[in-house]
Each structure stands twice: as structure tokens, then as C-alpha cells.
Amino acid sequence: MKTLRKITLSLMAIVGSSAMAQQLPQFTQYMFNTISVNPAYAGSRESMNMTALHRNQWAGLDGNPTTSTFSFHTPMNNERVGLGISYITDQLGFESTNYVYGDFSYTIPVTAEAKLSFGLKAGFTNYRLENPDYNDPFFNANFNSWKPNFGAGVYLSTNRWYAGISSPRILNTDLNEGEFEALERNSYYAIGGLVIDISADVKLRPAFITKFTNGAPSTYDITNSFLLYEKVWLGASYRFNDASNFGAFLDYQISNNFRIGYAYDLPTSTIRPYTGGTHEVILIFEPRLSKKTNLYKSPRYF
């Protein structure tokens with residue numbers, strides 16, 4: 001009975017998520033992966049940045065969602081221009097969605113401390129369905145579609161706070177040409193955060209991200225984290241929506257160039273007894289050498 005109940009719940013979770021499978025996935029460590037939702041962030045860290053992230057959602061359920069991402073962005077010799085590229089693969093049961101997008105940003109100073117960046121994102125979304133049941137009358141056994149899309153964003157920041165708005169996918173694209181529902185829905189994001197000195201060795205960083213999607217529930221993430229001795233990020237988060245959850249993460253600066261992090265989410269909905277939670281791992285490579293002086297730059301907080 002317990003096994004049957006777990007299988008039934010697994011199917012309900014997958015079916016309930018299918019209508020949203022073509023939305024961009026969400027991450028607990030979103031504050032370290034801003035380029036995935038806002039192209040104006042490209043080059044803002046004043047050095048080359050490579051970020052890899054893997055998320056295993058609702059571990060223990062058959063066909064549970066898994067997501068892997070890789071992004072690269074850097075400022076150009078003209079430091080007002082930033083370029084980037086990102087790849088996201090999102091797997092849900094027999095469905096997979098892949099995103100390959102390039103990013104461009106242009107930054108202008110608005111005060112002695114604040115900079116305003118404008119960004120554009122363009123690329124392709126690939127939707128695939130591999131259904132092993134060839135007798136299923138509702139779905140093709142193999143379906144593969146590539147569709148173009150584009151996005152835009154604005155990002156305002158200093159070395160102590162940031163705020164941004166964006167729409168990384170502006171077009172409402174039918175990825176399946178009408179055979180079944182697989183729409184890439186237009187989403188709008190708002191982000192923000194700041195750093196507060198608690199002591200010489202401890203900093204507090206509150207942050208938030210909100211997501212509004214046509215035809216889907218809105219989500220609101222709030223996060224609080226501490227930076228200890230410029231090496232360790234320790235934080236917790238909560239997501240408000242129809243699948244709310246608590247999250248916690250720990251990031252460690254291994255060296256001047258490498259940072260690694262782990263996050264764990266625990267759902268608060270009825271699915272909680274049947275899953276081992278959500279696991280997320282992130283690896284960041286960022287050489288902190290100034291192009292002009294060849295000296296190590298101090299860490300950036302956003």
C-alpha cells in the first residue's frame with residue numbers, strides 16, 4: 001500500500017509540474033547564478049566568471065526534476081560591455097528542455113558608486129519528449145523542437161546593494177506546434193539584495209527574488225545569509241508559492257579563484273513524507289586578477 005501510494009504521488013507531482021516544465025527552473029542559490037535570469041548581469045563582476053550548478057529536486061521520486069546549468073560571462077576590454085553564454089538542461093520524466101542563450105550588457109555610471117546596466121539575451125529553447133510507450137495515442141514517441149526567443153533586463157548596483165528587473169524569455173512560444181501543451185511562458189523577475197557589516201569579520205546579506213509568469217502561480221524567495229571571514233557563506237531561505245519550501249546553503253571559498261557550495265531544500269507541502277528533499281551543488285571559477293594591475297581583487301558580494 002505504501003509503495004502504491006508513493007508511486008501515485010510521484011505521478012501526481014510529475015503531472016502537476018508538466019504544465020510548468022517549460023518555465024525556467026528556480027534555484028536555492030539564485031543569488032550566485034543571476035546571469036540565468038538577467039542578461040544585464042553579464043560582466044558585472046569585473047572579471048571572467050564560470051558557474052556550474054546541478055539541482056536534484058524531490059530526490060527519491062521516480063522521474064523527479066533534475067537541472068544542470070553552465071554559464072560564462074566576462075567584461076570586455078571596453079569595460080562598459082559584458083558578454084556571456086549560458087546553457088540549462090531541465091529533465092522531468094520523459095520530458096527535457098534545453099536552453100542555449102547568449103548575453104550582452106552595456107553599463108553606464110549613474111553616480112560615483114552606482115552603475116546601471118542594460119542587457120539583452122537571445123538564443124534557442126529545445127523541447128524533447130521521448131515516450132517509450134509507442135501505443136500511446138496522445139503523444140509522439142519522439143518529439144524534438146527548437147524555437148528562438150529573446151529577453152531583456154536592467155541591473156542597478158553598487159558594491160553594497162543591487163536591484164534588477166528582467167524578462168529572460170519575452171515570447172510566449174509554442175514548443176510543440178500544437179500537438180500537446182508545451183508553452184514557453186513569458187516570465188518577469190525582480191531581484192534585490194544588500195550587504196551589511198556586522199563586524200570586521202562578519203557580514204549579513206539579505207536578498208530576494210520574485211517571479212511572475214503568465215498563467216502560473218507567482219513565487220517569492222527570501223534569503224538571509226552570513227559571510228564569515230570573507231570565506232564562508234551560511235544562509236537560509238524560504239519560498240512562498242503553491243510548493244513552498246525551506247532551504248539552507250553553505251558555500252566555501254576554496255581559493256582566490258574557486259568557490260563551492262551546497263544547498264538543501266525541504267518541501268512543506270503534502271509531498272514532504274515521500275521525498276528526501278532537494279539537493280543543489282554549485283561550483284564557481286572566477287580569477288580575481290585585475291587586467292590593469294595584475295593584482296588580486298577583493299571579493300565581490302553580488
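Which residue forms a salt bridge with aspartate 197? It is lysine 203. The closest N and O atoms of the two are 3.8 Å apart. Keep in mind that this is a predicted model.

Let's stay with that pair. The two partners sit in unlike surroundings. Aspartate 197 has 45% relative accessibility, so aspartate 197 counts as partly exposed. Lysine 203 has 9%, so lysine 203 counts as buried. The cut-off for buried is under 20% relative accessible area.

Now the whole structure. How many salt bridges does a search find? The search finds 10. I'll take two more of them.

Next, lysine 121 and aspartate 103. Their side chains meet in a salt bridge, at 2.6 Å from N to O. Where do the two residues lie? Lysine 121 is in strand E5, residues 115-130. Aspartate 103 is in strand E4, residues 95-109. Buried or exposed? Lysine 121 is buried. Aspartate 103 is buried as well.

Last pair: arginine 259 and aspartate 251. Here the side chains meet in a salt bridge with an N to O distance of 3.6 Å. Arginine 259 is buried, and aspartate 251 is buried too.

To recap on burial. Lysine 121 and aspartate 103 are both buried. So are arginine 259 and aspartate 251. In the opening pair, lysine 203 counts as buried, whereas aspartate 197 counts as partly exposed.

Technical notes. Residues are numbered from 1 along each chain as its sequence is written. This is a predicted model: local features need pLDDT of at least 70, side-chain atom pairs count only at pLDDT 80 or more; totals for chains, interfaces and linings use all residues. Side-chain values use heavy atoms; hydrogens and water are left out. A salt bridge is a side-chain nitrogen of Lys or Arg within 4 Å of a carboxyl oxygen of Asp or Glu. Helices (H or I, at least four residues) and strands (E, at least two) are DSSP runs, numbered from the N terminus. Buried means under 20% relative accessible area, exposed over 50%, partly exposed in between (1.4 Å probe, protein chains only).
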